[in-house]
Amino acid sequence: MRFAVSALLLVAVGLLAVAGKSPAVRKQVVAARAEAMDWWEAGVFYQIYPRSFKDSNGDGVGDLAGITEKLEHLVDLGVTGVWLSPVFKSPMADFGYDISDFRSVDPIFGTMQDLDRMVEKAKQLGIKVILDFVPNHTSDEHEWFQKALLNEGDYRDYYVWRNGAPNGGTPNNWQSVFHTPAWTQPAGQTQYYLHQFDKKQPDLNYRNPKVQQEMAEMVKFWLDKGIDGFRIDAINHVYEDPEFRDEELIDPKGELMWENLDHKYTKDLPECYDLIYDWRDVFDQYKARDNVTRLMMTEAYTSLENTILWYGNGNRKGAHVPFNFAMINSLSKESRATDFKRVIDEWLNAMPAGAQANWVLGNHDRPRIASRYGRDLASTLAVLEMTLPGIAVVYYGEELGMEDNRDITFEETQDPQAANTNPDVYQEFTRDPVRTPFQWDSSAYAGFTSSSAPKTWLPVHPNYREVNLAAQKSAPESMFKLYQNLIKLRKEHAFMHGKFESKVLLNNVFGYTRTLEGEQSYAVVVNLNDNDVNVNLQELHEDIDTAKVRLTSLAARMKQGDEVTEAFHVVLGRYDAVVFEIASSASKIGMSVIVMLFASILRTLF
């Protein structure tokens, strides 16, 4: 390793010695840097909720054959990889997040052969496949839990069991995310088992080395089958306080419910990170064999400080991509340019050297971007996400501007997080509106299933006749075409690995530059106002005299190809985001390339 690093340094010094005099060499350096990037770096990953993507057999539920049928859509879009929410065997109490067999495919989605065909076709099309791994718990129908109930072998200790309180009742005051006590006493049992989610999702006991080994072997099983990586669900829940102490109420006078508890005993324990570091070692063992990275993504709703630790602790490596939910949790339609700059800078400044940033606008647990921010801002935020440094994650339907279906009644509600409440409050907790079927066209059921199907598992959004892929493909301008163009734009060297500098401009405008000496550089401005504003591009870069519009959000005041002759006086329409081509001012590579080369070296070590 030391020899390889020394060699890279010698190459860097040699190139720098001549690069100042040779534009051709500068181009070679930049091209070499792009070539050196790993397959996942600067990638775009597309999340599919399998129940809702495409139904191939007319039962109203999406399946693997449907995904295989529609993989060309992802090629058209231009994504790097696809992440599938769980397809493992499950009673579907939490729609696949309650797994009864980690090594089998649930019949509702098809067979293992269907999954193999889907993966094979994806690889032929150049798309990586990431599976959702749910390590915190199993289904209560899993063989292990059934044996635990019978006290067979060592399986009782695969789960977390406690005696009730001395005066009766649950072992402590812990509450589940799904608004019930986190403890359930099975019929005929004297003890309670822990479930941080639904009662049909008993928590595994990771303090038992046998559980750790079982799950590591499960990871190997799928990696051996050719899966390109895992997104690891709710990883910060996997360990609990060994003393099982009560959690404190945030509001002492408030209701005893999950949202009103300080979860210092059930989330973010140090052992959670050690488990991920151990699994990263497994992933890297596979890379050592063939020099191909198996990607690890982690999901944990927690603080920035805790999230950054998923990257690693300085001595051990962790996730390649700890999901960054700041744009979901910390920003809203009311946020100002200063808020956007703060949230973006906080992540970029907190990352360890050599790490990749990532940006997430939505997922299967949070309201869709077009509903959270409104239709007018959805395309604006797409431009923002796709032009920031690092990885972008797209939730299925975002590329169409799909919206939450809030017309789903309490009687139609499937999500246990909401079904466990009541008709008066279920809308506060339901995730069903963000999981409705993909809107392929204007035919019956939006083309998601056969027109003869009795119904779909969740109602299709009523706006599907206007908002669908077929219509957007034929329209001269659409959200789908914007996403296509943004993903193409991301392949420009300045966006892949150029410098990022941001500023809050006058009139509540967020702006930044993506620059790389010797390459086309860009300025991006985002108007967060419901009115036209004037922008001075020279606030971003003093050398900008003229600029040319490369790309804009939908229905923007400025259009692609527009020339700007007065950089100090640019008028942006309401909620417009504009990407400008700006002149490259540098005549030699200088320090930015040194930084670029050292970043490359760091990535080889990360």
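Which strands does helix H13 (residues 375-387) lie across? Helix H13 lies across strand E1 (44-48), E12 and E13, and runs at about 145° to E13. Helices (H or I, at least four residues) and strands (E, at least two) are DSSP runs, numbered from the N terminus. Angles run from 0 to 180 degrees between N-to-C directions, and axes are lines fitted to C-alpha atoms, for helices over the stretch in contact.

This is a predicted model: local features need pLDDT of at least 70, side-chain atom pairs count only at pLDDT 80 or more, and totals for chains, interfaces and linings use all residues. Residues are numbered from 1 along each chain as its sequence is written, and side-chain values use heavy atoms, with hydrogens and water left out.

**The parallel sheet**

E12 and E13 belong to an open sheet of 8 strands with parallel pairing. Its order is E11-E10-E9-E5-E2-E1-E13-E12. Strands pair if DSSP finds at least two bridges between them. The edge strands, E11 (321-322) and E12 (358-360), each pair on one side only. Trp-359 stands opposite Ala-392 in E13.

**The antiparallel sheet**

An open sheet of 6 strands runs E14-E15-E16-E21-E18-E19, with antiparallel pairing. E14 (499-505) and E19 (563-564) stand at the edges with a single partner strand each, so one side of each has no neighbour in the sheet. In E21, Glu-581 is the bridge partner of Tyr-522. Helix H11 (residues 337-350) packs on this sheet, touching E14 and strand E15 (509-515), and its direction makes about 155° with that of E14. H13 packs here too: this helix touches E15, E16, strand E18 (547-552) and E21, at about 35° to the direction of E15. Contact means heavy atoms within 4.5 Å.

| Pair | Sense | Bridges |
|---|---|---|
| E12 and E13 (residues 391-395) | parallel | 3 bridges |
| E16 (residues 521-527) and E21 (residues 577-582) | antiparallel | 6 bridges |

**A helix pair**

Helix H7 (residues 209-224) packs with helix H8 (residues 270-290) at an angle of about 30°, and their axes are 11 Å apart. That makes H7 roughly parallel to H8; angles under 35 degrees count as roughly parallel. Among the residues that meet are Met-215 and Val-219 in H7, and Trp-279 and Phe-283 in H8. The contact residues divide into 9 nonpolar, 1 polar and 4 charged. Ala, Val, Leu, Ile, Met, Phe, Trp, Tyr, Cys and Pro count as nonpolar, Asp, Glu, Lys and Arg as charged, and the others, Gly among them, as polar.

How values were computed: Parallel < 35°, antiparallel > 145°, perpendicular 65-115°, else oblique.
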